[in-house]
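Have the viewer open and follow along.

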Amino acid sequence: MIHKFVKFVLFDYLCTQNQFVMEKSFVYGVAVSDYNFTGREAETKRLRQNFEGGINSILISPRRWGKTSLVNRVREQLRDSDILIVSLDIFGCKNEYEFYNMLAAAVLKQTATRIQLWMDEARDFLVRLTPKIAISPEPNSEFSVSLGITPETHNPEEILNLVENIAKRKNKRIVVCIDEFQQVGEFADSRSIQARLRSAWQHHHYTSYCLYGSKLHMMSKIFQNRSMPFYQFGDLISLKKIPTADWLPYITSHFEDAGRHIAEEQARWICQTVDEYPAYVQHLCSILLNMTPEGQTVGDEQREPAVMELIGTNETLYMQLVEPLSSYQMNLLRAIAGGIRSGYNEKRVRSAYDMGSPSNIVRLRDALVERDIIYSEMKQLYMTDPVFALWFKRRFC
């Protein structure tokens, strides 16, 4: 009896702690949900409709704009629906069959109970394998699946059609959400692999796919290039920044919840300083919150120290980013940091920033885009990371 009481108290304590972690004032560096999620109403509605309608979705944006948080939010909204959602992150995949192993394991694990895994769902698929399934004795605990799929055991079509076959057997719709999908573009013979994936997935009626990743240029190459297999594979959702108007009530209310105060003017300054970049809005808010004693109000004198702390947190990464750049590449960055968005071929611009010939500028642009240091929007160039832009301007301009 005492043992059961201790277990109950411990469970209640852990739930309380989990709730506290979930409701930290500002969260950055990880996916956010519930209390820490703001904006994205239109994108949430659109993605949910795609999931419910069996429409493939592709999310494209610079890194840390909230793609994973958006997908997780829709997944939570559909938790009690008849739609099964399978999620996997393939960042660590180095080749085609590593991807197949990760995909199959995620599908099997997230669409079946431990008992079903040995019975209906995977019986035909596992017959040529000796899978390793680690199961805890606790009834509600997680379990892991390791398959060891090779070209000798399965051909790609069997693996790629596994989820559709499971969906048909269950008579349910499944959405497969794949994060860091740009890794497929790094595989050897990537174009052929993409063609195999597209060829199989385009015939799935019970299964749809949500594909997204953190490398903007690679995702754009895979999905927006007319010559690539995944061109027009589904609904392409290009995420925009979360507008300041959506941030203001979020920021002010979270400061109030934490026993501090911030004027709308200061909240607006935060958004403008980091160019409405979601992760940095949260990070700068967190710094200012920690600088402000309980019961006090954020003041102008805290602005510069907060920005310096934000820059300092990332300075080592930024130094590593610019170390391999050529002088010409640095000069193009200086032009962008100076507010020049286009017209780099003009003689006065090339002379002012010493960027060489017009043909050289194309090479400079492409090299920096490939490194995800800059991105192009409406034929204008921007630095991908606004805090990197702040640091670069202070240090090199």
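C271 counts as buried because its relative accessibility is 0% (buried means under 20% relative accessible area, exposed over 50% and partly exposed in between, with a 1.4 Å probe and protein chains only). At the other end of that scale sits C397, which counts as exposed because its relative accessibility is 55%. As for disulfides (a pair of cysteine sulfur atoms within 2.5 Å), a search of the whole structure turns up zero. C271 is in none, and the nearest cysteine sulfur, that of C285, lies 6.9 Å away.

Before going on, bear in mind that this is a predicted model, where local features need pLDDT of at least 70 and side-chain atom pairs count only at pLDDT 80 or more, while totals for chains, interfaces and linings use all residues. Residues are numbered from 1 along each chain as its sequence is written, and side-chain values use heavy atoms, with hydrogens and water left out.

Now for the sheet. Five strands make an open sheet with parallel pairing, in the order 2-5-6-1-7. Helices (H or I, at least four residues) and strands (E, at least two) are DSSP runs numbered from the N terminus, and two strands pair if DSSP finds at least two bridges between them. Strand 2 (84-89) and strand 7 (235-238) are at the edges with a single partner strand each, so one side of each has no neighbour in the sheet. On average, neighbouring strands are turned by 15 degrees against each other, direction ignored. (Axes are lines fitted to C-alpha atoms, for helices over the stretch in contact, and angles run from 0 to 180 degrees between N-to-C directions.) Strand 2 and strand 5 (residues 174-179) run parallel, joined by six bridges; S87 has C177 of strand 5 as its bridge partner.

Two helices pack on this sheet, with contact meaning heavy atoms within 4.5 Å:

| Helix | Strands touched | Direction angle |
|---|---|---|
| Helix 3 (residues 67-77) | strand 1 (57-60), strand 2, strand 5, strand 6 (207-212) | about 150 degrees with strand 6 |
| Helix 4 (residues 96-111) | strand 2, strand 5 | about 145 degrees with strand 2 |

What about helix 10 (residues 216-224)? Its buried residues include L216, M219 and F223. The buried residues of helix 10 pack against several elements, among them strand 1, strand 6 and helix 17 (358-370).

Last stop is E43, found in helix 2 (residues 41-53). E43 is buried, at 18% relative accessible area. Leaving out residues up to four places away in sequence, E43 touches L70 and L239.
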